[in-house]
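Keep the viewer open and follow along.

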Amino acid sequence: MTAAAPHVPVLLQEVMGGLAVAQGEVHVDGTFGAGGYTQAILERGAARVFAFDRDPDAIREGEALAASSGGRLTLVPERFSRMRQALSDKGVDQVDGVTLDVGVSSMQLDRAERGFSFQADGPLDMRMSREGESAADFLNKASEEDIADVLYRYGEEPKSRRIARAIVGARPIVRTAQLAHIVRKALGWHAGMKKDPATRTFQAIRIHLNEELQELEGGLEAAEQVLRPGGRLAVVTFHSLEDRLVKRFLKERSGDLPGGSRHLPQRPAARPAPSFEAVAKPVRAGEAEVAANPRARSATLRVARRTATSSWVNAGQGTSS
Ligand SMILES: C[S@@+](CC[C@H](N)C(=O)[O-])C[C@H]1O[C@@H](n2cnc3c(N)ncnc32)[C@H](O)[C@@H]1O
């Protein structure tokens, strides 16, 4: 196993500013990771933190923090899209804050055996939860067209078809280095290129396998359901596909719908009242943070406050039950 650098939490002060944790509150950290945010929430006096992670390694490595928390930290080995049910099973229906810091952790990226990295060779795995279809299963079984669709949709890869053809021609593929080599060769990689051409392909396959966009959408809706009136939501994303989703959700839920278009019919008058307010402008890391932690370069934080109206999901407007 490669030694993993500790995960440095991104935009920590800004996230804490948005969450405004008060003494005695109950919070959800939907993405525990190495526990950076959870620790900060506990230090600010939260009475309880329910910290979710779908990665069994993250949960196991968080046990020491839970043991030293005096019963204030509960680790939940579950997807954050299921937070409402998981909290309800523990007798909790409402919380004061929800934080999501989506994507992969440094530990997942840096441990070659997890198969997320195109820089270190490992088995082609990429499963956060270590369950279900691996990247190798997907790439060795899927049709060329399906692979191209995934690369285009989740990697915004303009050369998706060319890469998919090269992948299918080189099967079976079992190692990350093998996949990285196939992509670089298909796209004509040369030393000195600014961005490794394998970046988009690895991102796309990871997002597809872990259903990351569906999870994010489910997590936002679950947060809407569990936050009390006045409760705070803080979401950190790492690429434009995720950020667009969060931006659109908060715009819609705060009643800030795009201006009418002459091509579209009028929106129905009977839309639910806004479930979020005080939607803050997006926050990005400053130069000093990016210099100290390159992962912060693409991070965007969005914060909003829950109103007192019932959630849109309950009002029959959401996409989940
Ligand atoms: C960027 S890291 C979070 C780092 C954390 N904020 C910290 O300070 O250490 C993302 C973590 O969220 C987990 N994760 C990603 N999607 C998830 C989901 N849908 N449900 C639960 N955990 C998820 C990953 O396994 C990973 O450990």
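Which residues does Thr 38 touch, not counting residues up to four places away in sequence? The contacts are Asp 29, Phe 32, Val 49, Ala 51, Leu 65 and Leu 73. One thing to keep in mind from here on: this is a predicted model.

Thr 38 sits in helix α2, which covers residues 36-43. With a relative accessible area of 0%, Thr 38 is buried. Take Ala 51 from its contact list: Thr 38 and Ala 51 are 13 residues apart in sequence, and their C-alpha atoms are 7.1 Å apart in space.

Phe 32 turns up again when you look at Gly 62, which touches Phe 32 and Leu 75 once residues up to four places away in sequence are set aside. Gly 62 is in the loop between α3 (56-61) and α4. It also counts as buried, at 2% relative accessibility.

Step on to Glu 63 and you are in helix α4, residues 63-67. Glu 63 is partly exposed, with a relative accessible area of 46%.

**The loop between α6 and α7**

Is Arg 114 buried or exposed? It counts as buried, at 3% relative accessibility. This arginine is in the loop between α6 and α7. Its contacts, again leaving out residues up to four places away in sequence, include Asp 55, Asp 57 and Asp 125. Gln 108, Pro 123, Met 126 and Met 128 are also among them, and so are Arg 127 and Arg 130.

Arg 130 is in the loop between α6 and α7 as well. This residue is partly exposed, with a relative accessible area of 36%. Its backbone deserves a glance too: phi is near 65°, a positive value in a residue other than glycine.

Phe 118 is another residue of this loop, and it brings us to the aromatics. The structure holds 2 aromatic pairs. In one of them, the ring centres of Phe 118 and Phe 202 are 5.5 Å apart and the planes are at 65°, so the pair is edge-to-face. Phe 118 belongs to the loop between α6 (106-110) and α7 (135-141) and Phe 202 to helix α11, so the pair ties together parts that are 84 residues apart in sequence. Phe 118 is buried, at a relative accessible area of 18%, and Phe 202 is buried too, at 3%.

**Where α8 meets α11**

Helix α11 (residues 198-209) has a partner in helix α8 (residues 144-155): their axes come within 8 Å and cross at roughly 95°. The two helices are therefore roughly perpendicular to each other. On the α8 side, the contact uses Val 150, Leu 151, Tyr 154 and Gly 155. On the α11 side, you'll find Arg 200, Thr 201, Gln 203, Ala 204, Ile 205, Ile 207 and His 208. Sorted by type, the residues of this contact come to 6 nonpolar, 4 polar and 1 charged.

| Arginine | Ring | Distance to ring centre |
|---|---|---|
| Arg 153 | Tyr 154 | 5.8 Å |
| Arg 184 | Trp 189 | 5.4 Å |

Most residues other than glycine have a negative phi, and most peptide bonds are trans. Arg 130 has come up already, with its phi near 65°. Glu 211 also has a positive phi, near 50°. You'll find Glu 211 in the loop between α11 and α12 (212-226), where it is partly exposed, with a relative accessible area of 35%.

Which residues does a cis peptide bond join? Arg 171 and Pro 172, with omega about 0°. Pro 172 lies in the loop between α9 (160-169) and α10 (176-187).

How values were computed. Residues numbered from 1 in each chain as written. Predicted model: local features only at pLDDT ≥ 70, side-chain atom pairs only at ≥ 80, totals over all residues. Heavy atoms only, no water. Axes fitted to C-alpha atoms, helices over the stretch in contact; angles between N-to-C directions. Helix = DSSP H or I, 4+ residues; strand = E, 2+ residues; numbered from the N terminus. Parallel < 35°, antiparallel > 145°, perpendicular 65-115°, else oblique. Contact = heavy atoms within 4.5 Å. Nonpolar A, V, L, I, M, F, W, Y, C, P; charged D, E, K, R; others polar. Phe/Tyr/Trp six-rings, centres within 6.5 Å; stacked < 30°, edge-to-face > 60°. Buried < 20%, exposed > 50% of the residue type's maximum accessible area, 1.4 Å probe, protein only. Lys NZ or Arg CZ within 6 Å of the ring centre and 35° of its normal.
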